[in-house]
Amino acid sequence: MKTTKETDVTRLMKPLLLGAALVLAGAASAQTTTTLTVASFPSFDLAVKAAIPLYKKLHPEVEIKLTSLAFGDHHTAMTTALATGSNLPDVMAVEVGFIGKFVESGGLEDLGKAPYNGLQYQSKIAKFTVPQGMSGSGVFAAMPADIGPGALFYRKDLLDKAGVSEADLTKSWESYIESGKKVKAATGAYLLANAVDIKDIYIRSGLQDGEGIFFDKKGTPLINTPRFQKGFELAKAARTAGIDGKIAAWSNEWSEGFKRDKVASQMMGAWLAGHLSNWLAPESKGKWRSAQLPNGAYASWGGSFYAIPKKAANKAAAWEFIKFMTLNKEMQLEAFRSLDAFPSLIEAQSDAFLDQPIEYLGGQKARQMWKVSADKIKAIAVDKYDPVANDVVNAELDKVLEQNKDIKTALADAQEQVKKRVRR
Amino acid sequence: MQAMSEPPLTTAPPVVPASAARKRRRSFRDVAPYVFISPFFILFLVFGLFPLLFSIWMSFHRWEPAAGLEAMQWVGLENYLYVLTNDDGFRKSLYNTVWMAVVSGVPQHLVALPLAFFLHTAFGRWRNAVVGAYFLPFITSTVAISLVFTSLFSRDYGVINAALTGMSHVPVLGWIFPSQNIDWAQPAYIKWMVSSVVWWRYVGFNTVLYLSAIQTIPKDLFEAATMDGAKAWQQFRYVTLPMLKPMVFFAVTLTIIGNLQLFEEPFILTSGGSPTGGNGGIDQAGKTAAMHMYTTAFVDNDFGTASSIAWLLFMVIALVTWANNRLLGEKKA
């Protein structure tokens, strides 16, 4: 009796079970969700946050998981992830300061090769930024997502008070320093936060496409050269003239300096306008203006990239997402609007959004000016030891500015120290 | 049929299963302690022993971490030789470390000892609250403390400079104080600044150590001293201090180890707002050996050399601790 009962039940259940299994299988095949992990850092992660709902419409089968760490922590975490080959994201955000180290490590996919063939899009992207994502060996490992064309932001009200015009600031470095003296005398404000900024721009200007800032193609340091000599001299002249506040960027003094009208100009990436209006000096609305860098210099500050680690789990989906973030005009503009990330996609640079006046900058159409700058920036070669050289050069410049070290000796010392520290 | 095939539980002799059960119970008892203690050993193996051994292994290699584990290259002692003979940063940072360890460490104990004695004798029921107040800096996050001190020491807007320049307007006393804001990030001041923060942070911890040791000194020693007419100072000098010697040894050892590994305080105090942390400020005057190790690993991207710095630093600490042991430790009869 018992056994027959059981068989009856199974017989009855069979089609039901089968049906359920079919339904489950069907549901599974309809949703084959790929979970795409994206690792990023603030505020660059805002672009991914903005992209998630838009991307969901195009690719409902892809679930995007964003992990975000503070700027320094993110790049440290990515270094360790690449080292051990575990916990790697599918899409990795990389800031330009770390690009040399990551790209030349060999731990990232070559996006120039099949199946990606990323270099076919080269003409669509701001031309100076593609070489930044390439290593010395020509591996295109990181796709540019935004750029930071350099600009000179200045306080029009303070300059007017001192009788200094924009042209006085931008004509030459000498006239920039002279104007600084006038501003200091008339308003008590420093013209710039730190004389180091002048050196930073000077060593980047006058370079041709393919040249590096600190190293030549063979990896020989270029520090003991007239370019650095002049950069150091100009920084020293600004310090001697007493027109810099000796304030490090991003320190408390720096933001307080803007809030208390103590700093009259700042050279940085165009994205600084967003920082100024959001938190650095929201009260100074309408008083700031943007201009091109002095002495016809064009340089870029920052810039962010996306890369795919060689050991990533979903490379195809990752590449689709990266293309969406970097080559989709709407997405690029969305990032421009939401986090002031200047688009690397040329198509997005000619949108009507660029013609809108910026209220914070007194109604200036500054974005057009930044585009002019973006077009003129040279494609500077990146070296993985750039951060080391930067560290050494800044330490030596400190000695020149603070302890009156002779510039020639400082540069020779820096050259030697860099050689030693990279041990090639 | 089915009922028949069931094992005759009730009729079977109870000896076999009972002994098996006891055996099982006993064997579980045998294993239990190891199970309970295993979390520590597992965690220690994963997070303690393995990194330790791996860093020794790493220190004999050139390794660019972002290229993956395959990229390790055996170089023998090259990293150690480089650090010892050619690495100016290591020498300078080691000097800074020792300088700050002494300047922040010695006053810690010179203040903590009498302070503990004072707290022991002068406070009744409020003692714990006062001790708690002194101990508070020790349990506060180093990062939070360093950030607060960064604003206190701020050149243009800091409270310390405001107080100092404010005092310069006071008649008569004014001439001691500067009328200009002091730039604490200058090489001449930065070690003092870091040391003062470290001193402030650990003085309470040492006070607690000494206080707990003072409390274990038998009361009759003090009573006898009082009977003999010893004043408070004499009691401190001839009763408290000798009885505290083992604790002094312990506390000084902790200070040596902690101060030679100094990292967070100078890292943040000298960062000047940099998102990737500080490098010791102008002329790297505030750079400690641990910071040099960090820079070598995460700026220079040279994990092998960084590991060898770590082991050299360990040897220095071991040596100094040994010397301290010879100086203050219990002499074997």
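This is a predicted model: local features need pLDDT of at least 70, side-chain atom pairs count only at pLDDT 80 or more; totals for chains, interfaces and linings use all residues.
Local features need pLDDT of at least 70 and side-chain atom pairs count only at pLDDT 80 or more, while totals for chains, interfaces and linings use all residues. Residues are numbered from 1 along each chain as its sequence is written, and chains are lettered from A in the order in which they are written.

**View 1. Chain A meets chain B.** Here 32 residues of chain A are in contact (C-beta atoms, placed from the backbone, within 7 Å) with 27 residues of chain B. On the chain A side, the elements giving two or more residues include α16 (386-403) and α17 (407-422); helices are DSSP runs of H or I, at least four residues, numbered from the N terminus.

**View 2. Helices α16(A) and α17(A) pack together.** Their axes, lines fitted to C-alpha atoms over the stretch in contact, come within 9 Å and cross at roughly 155°. The two helices are therefore roughly antiparallel, a term for angles over 145 degrees on a scale from 0 to 180 between N-to-C directions. Look for A:Val392 and A:Val393, among the α16(A) residues that meet α17(A). Among their partners in α17(A) are A:Ala414 and A:Val418.

**View 3. Two domains of chain A touch.** The domain assignment, automatic or from a database, gives domain 1 (32-147 + 302-358) and domain 2 (149-299 + 360-422). Their C-alpha centres lie 28 Å apart. Across the boundary, 21 residues of domain 1 are in contact with 26 residues of domain 2. On the domain 1 side, α4(A) gives the most, with 4 residues.

Definitions and conventions
Angles under 35 degrees count as roughly parallel, over 145 as roughly antiparallel, 65 to 115 as roughly perpendicular and the rest as oblique.
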